[in-house]
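Please look over the sequence and the model shown here before reading on.

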Number of protein chains: 4
Amino acid sequence: MTVKNIGVGMLGYAFMGKAHSYAFKNMPLFFWPPPAVPELVSIFGRTDSKVAEAAQNFGFKKYTTDWHEVIEDKEVEIIDNCLPNDMHHDISIEAIEAGKHVICEKPLAMNSRQAKEMWDVARKNSVKSMVAFNYRFVPAVGLAREIVRSERLGRIYHFRARYLQQWLRNPNTPLVWRLDKEKAGSGPIGDLGSHVFDIIRFVMGEVKAVTAISKTFVKERPLPTDKMKKGKVSVEDAFESIVEFENGATGTVEASRMATGRKNYNNFEINGEKGSIEFDMERLNELRFYSEEGDVSTIGWNNILVTESVHPFVSHYWPSGHVIGWGDTFVNEIYHFMDVVVNDKRVDPIGATFEDGYKNNVILDAIIQSTLTGKKTPIVF
Amino acid sequence: MTVKNIGVGMLGYAFMGKAHSYAFKNMPLFFWPPPAVPELVSIFGRTDSKVAEAAQNFGFKKYTTDWHEVIEDKEVEIIDNCLPNDMHHDISIEAIEAGKHVICEKPLAMNSRQAKEMWDVARKNSVKSMVAFNYRFVPAVGLAREIVRSERLGRIYHFRARYLQQWLRNPNTPLVWRLDKEKAGSGPIGDLGSHVFDIIRFVMGEVKAVTAISKTFVKERPLPTDKMKKGKVSVEDAFESIVEFENGATGTVEASRMATGRKNYNNFEINGEKGSIEFDMERLNELRFYSEEGDVSTIGWNNILVTESVHPFVSHYWPSGHVIGWGDTFVNEIYHFMDVVVNDKRVDPIGATFEDGYKNNVILDAIIQSTLTGKKTPIVF
Amino acid sequence: MTVKNIGVGMLGYAFMGKAHSYAFKNMPLFFWPPPAVPELVSIFGRTDSKVAEAAQNFGFKKYTTDWHEVIEDKEVEIIDNCLPNDMHHDISIEAIEAGKHVICEKPLAMNSRQAKEMWDVARKNSVKSMVAFNYRFVPAVGLAREIVRSERLGRIYHFRARYLQQWLRNPNTPLVWRLDKEKAGSGPIGDLGSHVFDIIRFVMGEVKAVTAISKTFVKERPLPTDKMKKGKVSVEDAFESIVEFENGATGTVEASRMATGRKNYNNFEINGEKGSIEFDMERLNELRFYSEEGDVSTIGWNNILVTESVHPFVSHYWPSGHVIGWGDTFVNEIYHFMDVVVNDKRVDPIGATFEDGYKNNVILDAIIQSTLTGKKTPIVF
Amino acid sequence: MTVKNIGVGMLGYAFMGKAHSYAFKNMPLFFWPPPAVPELVSIFGRTDSKVAEAAQNFGFKKYTTDWHEVIEDKEVEIIDNCLPNDMHHDISIEAIEAGKHVICEKPLAMNSRQAKEMWDVARKNSVKSMVAFNYRFVPAVGLAREIVRSERLGRIYHFRARYLQQWLRNPNTPLVWRLDKEKAGSGPIGDLGSHVFDIIRFVMGEVKAVTAISKTFVKERPLPTDKMKKGKVSVEDAFESIVEFENGATGTVEASRMATGRKNYNNFEINGEKGSIEFDMERLNELRFYSEEGDVSTIGWNNILVTESVHPFVSHYWPSGHVIGWGDTFVNEIYHFMDVVVNDKRVDPIGATFEDGYKNNVILDAIIQSTLTGKKTPIVF
């Protein structure tokens with residue numbers, strides 16, 4: 001069997017760089033025969049010694065501290081932008097304009113204005129572009145979407161989400177780049193909230209208006225470079241919002257990095273007239289589904305172990321009951337993107353387009369605006 | 001052993017009338033020796049045949065369709081007001097002024113103005129008065145309060161609550177009195193939200209400001225008397241709110257009667273710097289507690305079966321692991337009130353005074369006001 | 001409405017005496033109109049001061065330290081035998097022969113020979129007799145039985161049960177009467193195992209053979225009267241058994257009082273060709289049901305909150321989602337027995353007859369025999 | 001950084017071949033710098049077209065239908081034997097004698113006699129050999145072992161395990177090789193029981209005696225090649241056993257492939273004097289731990305999300321709360337073996353030696369013997 005290769009250039013080697021590299025390496029193993037075999041051509045990072053080691057660790061042939069080199073590399077057909085949020089806009093646009101297919105980490109941009117420019121560039125170019133909202137590729141989230149679309153829930157009344165982490169609960173945790181507004185754009189609004197709002201649009205539909213507050217509980221933290229000195233935290237530690245949806249549903253979306261005991265608790269619940277759904281990312285192989293179908297005496301919350309071959313992506317992995325890990329959501333994502341690239345398919349509705357990324361940024365901007373004005377803010381795309 | 005009797009007059013024979021009667025009957029069995037033995041003297045209801053049967057069913061000696069008779073009855077020392085919300089104010093005041101001790105169902109009044117008048121009357125009279133917020137008497141909720149007060153959670157960052165029921169999910173469910181603003185005052189704001197805000201004040205402290213929306217999903221429903229005709233629903237089906245607390249914490253409070261699959265899901269979570277708590281009324285014998293104390297490799301969410309003799313009220317029931325029911329929370333409540341009455345103790349902080357009831361109504365009013373103005377509403381007592 | 005009274009005589013005032021008294025008091029409240037109103041006539045106990053107080057606490061008119069007086073009491077129509085196991089045989093027989101209806105606590109007798117005699121007496125007399133296996137009256141257990149009988153599980157492959165408690169885990173826990181073979185007959189075999197084997201026969205059918213071991217981990221314990229001295233434990237601390245069923249299923253039954261963390265963990269699981277069931281007494285309001293019916297992508301373990309009016313006994317209690325307690329299983333049981341007595345109905349199949357009690361004792365004897373011989377022991381009634 | 005390569009030869013390309021190949025590919029990514037980089041040299045399978053495709057899919061340079069070629073291949077230093085059970089003995093011995101390090105899938109052999117010969121060969125040769133009991137490499141299982149060894153449970157009273165699957169529940173499921181005694185040796189005794197008994201020895205210690213039954217519920221099944229014909233099932237569908245341990249504990253071990261609803265439910269529970277542990281492979285990132293340490297009012301079952309850097313192997317993966325999958329247990333296992341090979345370390349106690357494999361087979365033989373004799377069978381190594 002002959003499978004063609006596609007060259008990949010990776011930007012960034014930290015958390016997301018590792019996760020995406022894992023995905024490129026493993027996609028052909030699970031999705032056999034793959035649309036193409038990713039060839040790990042080149043990786044960019046700012047620190048020479050570190051990117052050199054990352055290249056070896058992740059299996060890239062070349063490395064560089066100049067990202068232009070990756071974009072210009074003739075062996076590279078796909079650019080995977082895993083850089084911090086402030087490096088999404090310029091670099092992704094340059095890559096697209098250089099004729100490369102682009103995957104860009106979420107949130108797409110620092111704000112909706114930037115995102116709009118990226119989307120504009122993307123749609124004027126024939127290359128494929130996708131925002132790396134990997135939770136669309138969790139089998140249980142895909143199943144949730146299928147259930148909602150099958151109308152087994154009936155009219156939707158509520159959507160609620162809490163994306164909770166705990167890594168800033170201690171006031172002595174140092175001031176890392178994610179707490180710097182210049183680099184990160186925002187705190188959990190962009191980092192965690194962007195995931196939630198993408199899941200909402202993926203599973204259920206559009207947001208109509210938001211009302212929000214945010215709070216920075218710990219206003220100063222030790223500097224990573226000198227723990228005796230403190231620096232100012234310029235992003236929020238948490239936000240709470242009330243959300244109204246186009247379909248008439250109402251609910252809340254919250255995210256925090258101060259929720260002790262919650263490690264990666266991306267929890268959402270949907271209530272419809274005929275049924276409900278609940279999901280928690282810490283148990284990503286499970287979906288809880290309540291349905292009024294069937295015998296009335298045995299209705300309940302059905303804990304579905306989403307490891308059957310009928311479930312999204314699962315047939316490519318292990319037998320029933322053998323769970324996948326968080327990293328495997330990226331394998332599914334990379335498979336989808338390479339299938340899109342090689343077979344000239346649509347990124348959406350399974351993947352998130354730059355249009356989706358823009359609309360996501362519009363919602364995030366509205367959240368921030370509402371926290372500033374104290375008023376309900378309509379979503380206007 | 002000689003235990004004195006105290007005469008009880010019950011107003012109302014429906015859901016709460018049954019629950020409170022159960023409590024009066026069983027209190028001496030569990031809390032032996034009891035402060036006094038309740039003597040079920042008289043019960044009031046509007047329909048003669050029904051109240052006659054209720055008297056027999058619940059064990060009251062007399063019944064009447066005129067509530068003045070109960071208040072004036074010389075054998076009656078305690079009035080238990082389980083009537084609909086619009087009958088709390090006048091009747092409770094009359095009872096207090098007649099020198100009776102009064103327990104009044106929640107919410108205390110139709111609004112904070114009414115509640116203020118009730119509190120004013122209560123404090124000017126020497127009788128005991130309590131609002132029947134029975135969730136204070138759930139052992140797990142009492143344990144939650146003890147944990148928060150012991151400072152094992154450290155600084156509190158978040159409080160979140162969802163009180164979800166499903167009984168109105170079907171648009172054909174008829175227009176009962178709870179959907180009539182004249183009788184009920186409000187929908188889940190008063191019915192469910194009042195419980196949540198009392199738990200907040202019991203466990204954690206005061207609310208500083210609220211921002212809220214509410215929604216009536218099904219605007220017309222069949223009349224109970226003639227299902228071919230429809231009547232207007234005049235209360236909300238659900239509300240969502242953002243809550244800011246005096247102690248600096250932030251969170252959300254939601255309640256709905258449209259949450260399919262949630263039967264009596266009074267769920268709250270508190271996140272502090274050093275630990276967290278989670279509770280769900282459908283599993284009222286359990287409390288989930290996350291603490292960073294102890295060996296770092298075995299930290300987790302600790303599911304406490306709150307059936308040990310060290311837990312609030314539990315030593316009066318069964319051996320470890322033998323769970324109590326929802327009805328037993330009322331037994332604890334009635335014990336507390338009779339102990340207060342007989343031994344001239346304080347209603348608070350374990351029980352809710354009319355002052356607590358008033359403050360609760362102030363918060364409910366602020367929720368309603370915010371739903372009307374679309375603005376954050378400060379809590380001013 | 002006229003409801004007749006039936007006089008009740010209670011033997012024993014400890015744990016079970018309290019539970020049964022609770023049930024008699026509350027039955028008419030929940031099961032209205034009741035078949036008859038229990039009149040608490042007389043209670044027997046060995047210690048005068050204690051039984052005097054119990055009479056007052058539980059609401060009995062008279063008390064005595066001579067149980068013959070209770071049996072001979074003309075006001076007494078029902079004898080409730082809550083005495084230790086070694087007092088079941090003689091006293092229950094005397095009560096039946098005196099023309100009283102008899103409820104007897106489980107296990108029915110010290111051994112199957114005794115139980116056979118009791119059954120023989122019972123069937124020769126026209127009074128009603130029942131063994132107080134209260135777990136038949138847990139709504140979730142009743143629902144489990146209905147599911148099995150409806151054939152929604154198909155052919156049954158397995159039944160497994162673990163009834164685990166922890167109250168003897170500490171070697172310094174004193175040598176109470178339950179550790180004395182003369183009084184108790186056996187340890188968890190009779191105390192916990194009898195419950196499990198009754199549930200098996202109630203839900204699924206007959207046992208064909210058992211193979212078992214038992215173990216006493218702590219062979220001597222402090223005397224309750226003098227903690228400096230130790231006495232010999234003469235019953236087992238735990239047993240494990242392999243069970244083969246008449247219907248072809250296989251499984252295990254275990255019970256222990258040394259299972260730290262398990263308070264009243266009466267857990268069983270049934271696996272059939274088309275579905276499975278799981279139950280845990282610490283969450284007695286829930287039943288887990290796995291069914292292959294319906295859409296293949298949403299099959300899972302369905303957690304049923306057994307608080308709907310369609311569930312056994314539930315319509316007599318509270319609205320959906322308002323859970324009952326362990327004590328309420330006795331209310332259901334007493335209702336059933338009084339309905340049987342007043343309306344001349346059959347005790348079985350809902351309640352356990354003395355025949356059921358005898359068959360239960362036969363299985364317990366076989367377990368004990370197998371622990372002695374080390375061999376598989378067939379069940380022969 | 002220079003990391004040396006080690007050549008790997010894979011025998012088998014089915015379920016385990018895929019899992020092990022995944023592990024070899026990913027070990028260096030996670031365990032960086034790795035002890036050596038596995039070079040996927042050659043893979044053997046019986047069907048030419050299939051092994052050719054597997055080589056490409058998994059990334060092996062060469063393939064063959066003659067396993068001698070893999071063993072003789074000079075580039076190959078490690079042989080990974082993922083073949084059916086009847087091909088473990090001869091081929092593993094040949095590989096060891098050819099000077100190759102050997103990983104062999106479990107159970108080590110068809111019976112303890114074969115396993116003894118394999119162990120004898122292994123200890124006479126200087127190469128490293130390991131049985132691929134991958135559940136030792138589940139972080140939660142490693143944590144369970146650490147807790148037991150730290151004596152935080154105190155004296156151990158009980159160990160119970162249920163390894164339940166459902167894939168044979170339907171009588172029409174065809175007669176695959178795993179149902180053929182000639183190829184598989186046994187049914188769930190060897191397939192699932194071997195895992196459980198290895199976990200027992202890894203976490204807790206030796207088995208002293210077993211008493212067991214087994215059952216084949218469906219005695220004939222359709223042939224895979226011709227579904228109109230049926231063939232005889234020659235292995236058991238399920239077994240139940242009572243187990244006594246060297247440390248004095250007692251318990252049960254069960255396994256079944258007929259347990260509808262249980263997909264890969266490898267569940268065990270340990271009860272000690274001071275605490276207990278529970279694990280379920282379907283939630284492999286979690287461990288439930290009950291400890292009597294700390295404040296008595298907050299003792300409970302602690303659900304540990306085993307994704308912290310302090311937990312075994314976890315620091316090599318993702319941040320806290322980002323779960324790993326079943327496949328990753330093999331990555332840990334392969335890391336361990338390559339570390340052992342390259343750095344001349346001991347396989348045990350973390351990995352399972354051929355001695356462990358032999359002792360495991362002795363227990364399996366005793367289980368089978370007990371099912372035949374109906375008697376308790378002592379474990380004699």
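What distance separates the centres of domain 1 of chain A and domain 2 of chain A, taken over C-alpha atoms? The two centres are 25 Å apart.

## Basis of the report

This is a predicted model, in which local features need pLDDT of at least 70, side-chain atom pairs count only at pLDDT 80 or more, and totals for chains, interfaces and linings use all residues. Residues are numbered from 1 along each chain as its sequence is written, and chains are lettered from A and ligands numbered from 1 in the order in which they are written.

## The domains of chain A

Chain A comprises domain 1 (5–135) and domain 2 (139–322 + 351–378); such bounds come from an automatic or database domain assignment. In chain A, 22 residues of domain 1 are in contact with 27 residues of domain 2 (contact: C-beta atoms, placed from the backbone, lie within 7 Å).

On the side of domain 1 of chain A that touches domain 2 of chain A, the elements giving two or more residues are α5 (112–124) and β6 (129–131) of chain A. Helices (H or I, at least four residues) and strands (E, at least two) are DSSP runs, numbered from the N terminus. The most residues on this side, six, come from α5(A). By class, the side has 15 nonpolar, four polar and three charged residues (nonpolar: Ala, Val, Leu, Ile, Met, Phe, Trp, Tyr, Cys and Pro; charged: Asp, Glu, Lys and Arg; polar: the others, Gly among them).

## The contact of chain B with chain A

Between these two chains, 34 residues of chain B are in contact with 34 residues of chain A. Strand β12(B) supplies the largest share of the chain B side, five residues. That side has nine nonpolar, 13 polar and 12 charged residues.

## A helix pair in chain B

Helix α4 (residues 89–97) and helix α5 (residues 112–124) of chain B pack at an angle of about 5°, with their axes 10 Å apart. Axes are lines fitted to C-alpha atoms, for helices over the stretch in contact, and angles run from 0 to 180 degrees between N-to-C directions. The angle makes α4(B) roughly parallel to α5(B) (roughly parallel: under 35 degrees). The residues in contact include I93(B) of α4(B) and M118(B) of α5(B).

## Lys359 of chain D

K359(D) lies in helix α10 (residues 354–373) of chain D. K359(D) counts as buried because it has 24 C-beta neighbours inside 10 Å (buried: 20 or more other C-beta atoms within 10 Å of its own, placed from the backbone). Leaving aside neighbours within four places in sequence, K359(D) is in contact with R201(D) and F381(D).

Technical notes
Angles under 35 degrees count as roughly parallel, over 145 as roughly antiparallel, 65 to 115 as roughly perpendicular and the rest as oblique. A residue is buried if 20 or more other C-beta atoms lie within 10 Å of its own, exposed if 12 or fewer, and partly exposed in between; C-beta atoms are placed from the backbone.
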